[in-house]
Amino acid sequence: YVDAEVGRQFWSAADLVRSLRDAGDLGDVVVIHLGSNGPFTDDQFDALMEALDGVRGVVFVNVTVPRRWESDVNDALARRATGLANVSLADWNAISRDSPDFFAADGVHLTSAGQAAYADLIGQHVLAALGLSSS
């Protein structure tokens, strides 16, 4: 199940996750990629983690975006996601920052090469969260 919206902000994530959970639409693994449109607070992260309580695996994806908040978002994700038992951090920034061919001219939206690399990264983390191997 994918729930995506143009311009979505981190502040809306906890309510959205609670709504999806109540509707029975959360899977065993939840992938969260937010922060491209702005930073988030510790309280917003905590509320999201509370909404995700009981989920087998949570994958946060950091950002590559030519905006002033990129490092704030990535630093906060690294600080908050590290050490949580059911959480992993998919380092999209490390994979994509030196790959301009992954991005359209705006530096934000993905080309087909970027889409493939992104999907591969997510797939690896989802399989790991499920205790499966990608090989």
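This is a predicted model: local features need pLDDT of at least 70, side-chain atom pairs count only at pLDDT 80 or more; totals for chains, interfaces and linings use all residues.
Local features need pLDDT of at least 70 and side-chain atom pairs pLDDT 80 or more, while totals for chains, interfaces and linings use all residues. Residues are numbered from 1 along each chain as its sequence is written, and side-chain values use heavy atoms, without hydrogens and water.

Start with the sheet. It is open, with three strands in the order E1-E2-E3 and parallel pairing. Strands here are DSSP E runs of at least two residues, helices H or I runs of at least four, numbered from the N terminus. Two strands pair if DSSP finds at least two bridges between them. E1 (29–32) and E3 sit at the edges, each pairing on one side only. E1 and E2 share four bridges. Val-31 stands opposite Val-59 in E2.

Now helix H3, residues 70–81. Buried residues (under 20% relative accessible area, 1.4 Å probe, protein chains only) are Val-73, Asn-74, Ala-76, Leu-77, Arg-80 and Ala-81. They cover an arc of only 165 degrees around the axis, taken from the directions to the C-beta atoms, so they lie on the same side of H3. The face turned away carries Asp-75 and Arg-79, both exposed (over 50%).

Last, Arg-8, in the segment before helix H1 (13–22). It counts as buried because its relative accessibility is 15%.
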